[in-house]
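Dear colleague,

Please find the structure below for your study. My notes on what was found in it follow directly after.

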There are 2 protein chains.
Amino acid sequence: MSGRRKGPSTTRQELLDAAREVFADRGETATTREIAGKAGVDPAMIAHYFGSKGGLFRAVTSLPIDPADLVAPVLDAPREDAARELLTALLTGWDAHSSVLSAVVRSATRNKTLAAQMRSFILDRAVRPVVGRFSPDPAEVETRAALVASQAAGLILARYVLAWEPLASAEPSWIVDHIAPTVQGYLTGPLPASAG
Amino acid sequence: MSGRRKGPSTTRQELLDAAREVFADRGETATTREIAGKAGVDPAMIAHYFGSKGGLFRAVTSLPIDPADLVAPVLDAPREDAARELLTALLTGWDAHSSVLSAVVRSATRNKTLAAQMRSFILDRAVRPVVGRFSPDPAEVETRAALVASQAAGLILARYVLAWEPLASAEPSWIVDHIAPTVQGYLTGPLPASAG
């Protein structure tokens, strides 16, 4: 297999695809030999394209967008538009990079390091700053952030990863119209008495 | 590896674990040799425990509960309690079988057949019957079902698969208190004018 001739962009992409699978299965203990074997290329190609196994791991798990940049404009939105702006930012960012981001979600369901990283991207860098800006009470930020993130994660899973209709094919504006009231309630509405 | 001695329950479980991974990666074209190799057991053990590769596939993808049984009592609930009853049924069923069901979700994110099956379990057998019972307008059932399923799927992903706090450790009643208003809105509340 390692004798096949491939163009550089194909080899690089095949290494990324193979590494995503192997890291998800076995974590950072996966060897360059395993990854190269799965990709059907010479292990030396990993050093060539990514410098090291660590460089390949960072390439696999880095996002094409920074969630903090994506939600930055939401922080300036009027309070009553916060959920619409947040969902629009989420859908715009995801629609532009859905295949890479969906691969990250698939990997995160199988690997604790990647799950923690996905939590950090979604909760720490995107959702919590927005919730912190609009929550009526600082003591409620963690609860509200988890609720917003649960609806956002379900939308992502249904629309992009599992391709459930009508969510998979709906226009972003349709999604925003239908889901923003939920997210706005989680952001700024009353919480049950048991809320922390 | 195939020379190791193992107890029958260990071998059976290792075959199930290996098959879940291999089927998710390669679909039903995966061979018994690959699955047995990943489990480190003799391929003949597949015939012994599961009859055939098809039997093993069914064992891997069958749920320990029928979602239709789980939601049957919800159909008799008062309209205003429908969401609370549906979420309680979902959490009760999932809490009792979370490791198997989380494995099914992980596999479904990687394999189209399993994704379609998960869609069928959640949407066709659990959510749509409940929505059909309580939706004010039959023309809105598909939209309402997708919205309910997106929040339910996000809750499952956050609580069970990614283990996000505070959802991962919260009491079922806390989750119901916080998320039932959303689900009740999707079931029986007004939809935006663009709704089908």
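Ala163(A) counts as partly exposed, because its relative accessibility is 44%; the classes are buried for under 20% relative accessible area, exposed for over 50%, and partly exposed in between, with a 1.4 Å probe and protein chains only. This residue is placed in the loop between H9 and H10 of chain A; helices (H or I, at least four residues) and strands (E, at least two) are DSSP runs, numbered from the N terminus.

Before going further, please note that this is a predicted model, in which local features need pLDDT of at least 70 and side-chain atom pairs count only at pLDDT 80 or more, while totals for chains, interfaces and linings use all residues. Residues are numbered from 1 along each chain as its sequence is written, chains are lettered from A and ligands numbered from 1 in the order in which they are written, and side-chain values use heavy atoms, with hydrogens and water left out.

Most residues other than glycine have a negative phi, and most peptide bonds are trans. Ala163(A), however, has a positive phi, near 55°. In chain B, phi of Ala163(B) is likewise positive and near 55°. Ala163(B) lies in the loop between H9 and H10 of chain B and is partly exposed, with a relative accessible area of 45%.

The loop of chain A also contains Pro166(A), between helix H9 (141–161) and helix H10 (172–188). The peptide bond that joins Glu165(A) and Pro166(A) is cis, with omega about 0°. A cis peptide bond also joins Glu165(B) and Pro166(B), again with omega about 0°.

**How the two chains are related**

The same surface serves both copies, as 100% of the contact residues of chain A recur in chain B; contact means heavy atoms within 4.5 Å.

**Helices H6 and H9 of chain B**

Two packed helices are described by the angle between their axes and the distance between the axes. Helix H6 (residues 82–96) and helix H9 (residues 141–161) of chain B have axes that come within 12 Å and cross at roughly 35°. Such axes are lines fitted to C-alpha atoms, for helices over the stretch in contact, and angles run from 0 to 180 degrees between N-to-C directions. Among the residues of H6(B) that meet H9(B) are Leu86(B), Leu90(B) and Trp94(B), and those on the H9(B) side include Val148(B), Ala152(B) and Tyr160(B).

Gly93(B) also has its place in helix H6 of chain B. Is Gly93(B) buried or exposed? Gly93(B) is buried, because its relative accessible area is 5%. Leaving aside neighbours within four places in sequence, Gly93(B) is in contact with Ile65(B), Leu70(B) and Leu101(B). Gly93(B) and Ala152(B) are 59 residues apart in sequence and 13 Å apart in space, C-alpha to C-alpha.

With kind regards
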